[in-house]
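Work through the two exercises below with the sequence and the model side by side, and try each task before reading its solution.

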Amino acid sequence: MLENSYVMVAIILIINVVYVSFFTIRMILTLKGYRYVAAFVSMIEVVIYVVGLGLVLDNLNQIQNLVAYAVGYGLGVIVGMKIEEKLALGYITVNVITKEYDRNLPHELRSKGYGVTNWAANGLEGDRMALQILTPRKYEMKLYQTIKELDPKAFMIAYEPKAIHGGFWVKSVRKMRKGKLKENEQKEDV
């Protein structure tokens with residue numbers, strides 16, 4: 001009997017980790033506009049949820065099952081977030097304000113495959129350069145690293161654009177997927 005209770009706890013824990021991971025991914029897919037994929041994921045999610053909850057409710061007299069359900073829920077949130085980080089869906093826009101006006105910075109970023117729009121800006125302590133950079137989220141950390149290498153004192157703000165249409169950015173991002181950023185990744189792996 002003791003062995004069965006450990007098995008039951010493990011099953012409930014695993015089911016809830018999987019359920020909440022699916023729940024987290026479905027929410028992110030919904031927010032990113034992947035309606036049909038989110039609907040498909042929700043069908044799987046609800047089956048897992050019903051099975052897990054049923055196991056807990058059928059054995060409600062054993063507190064360890066409820067604890068396993070709660071712990072599984074918390075772990076599922078973490079696992080779901082890690083999966084989403086790996087998927088890195090969508091794009092990120094990074095606004096950069098340089099410490100000093102540097103005419104070469106936009107060119108260096110463009111040569112690495114980023115779409116950059118720049119303009120002159122004025123700060124409290126003098127002339128600056130403002131840049132707006134669009135990149136797929138999977139290259140976000142690499143972009144931050146590149147900017148810090150080129151201008152360690154740059155001020156950065158990042159956000160996820162809801163919609164992108166037209167202009168050089170769309171063409172640049174498509175090229176980026178196929179071209180330079182992947183090449184740069186491969187060079188660094190060597």
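**Exercise 1: the setting of an arginine**

Arg128 is part of strand β3, which covers residues 126–136 (strands being DSSP E runs of at least two residues, and helices H or I runs of at least four, numbered from the N terminus). The model is a predicted one, in which local features need pLDDT of at least 70 and side-chain atom pairs count only at pLDDT 80 or more, while totals for chains, interfaces and linings use all residues. Residues are numbered from 1 along each chain as its sequence is written, and side-chain values use heavy atoms, with hydrogens and water left out.

Task: Is Arg128 buried or exposed?

Solution: Buried means under 20% relative accessible area, exposed over 50%, and partly exposed in between, with a 1.4 Å probe and protein chains only. Arg128 has 11% relative accessibility, so the residue counts as buried. A polar atom of the Arg128 side chain lies 2.9 Å from the backbone oxygen of Lys99.

**Exercise 2: a tyrosine pair**

Task: Which kind of aromatic pair do Tyr19 and Tyr49 form?

Solution: Rings of Phe, Tyr and Trp (its six-membered ring) pair if their centres lie within 6.5 Å, and planes under 30 degrees apart count as stacked, over 60 as edge-to-face and the rest as tilted. By this rule there are three aromatic pairs. The pair of Tyr19 and Tyr49 is tilted, with 5.0 Å centre to centre and 40 degrees between the planes. Because Tyr19 lies in helix α1 (residues 2–32) and Tyr49 in helix α2 (residues 35–58), the pair ties together parts that are 30 residues apart in sequence. Tyr19 is buried at 9% relative accessible area, whereas Tyr49 is partly exposed at 31%.

Key. A polar contact is a pair of N or O atoms within 3.5 Å; within protein, one must be able to donate a hydrogen and the other to accept it, and residues adjacent in sequence count only if both atoms are side-chain atoms.
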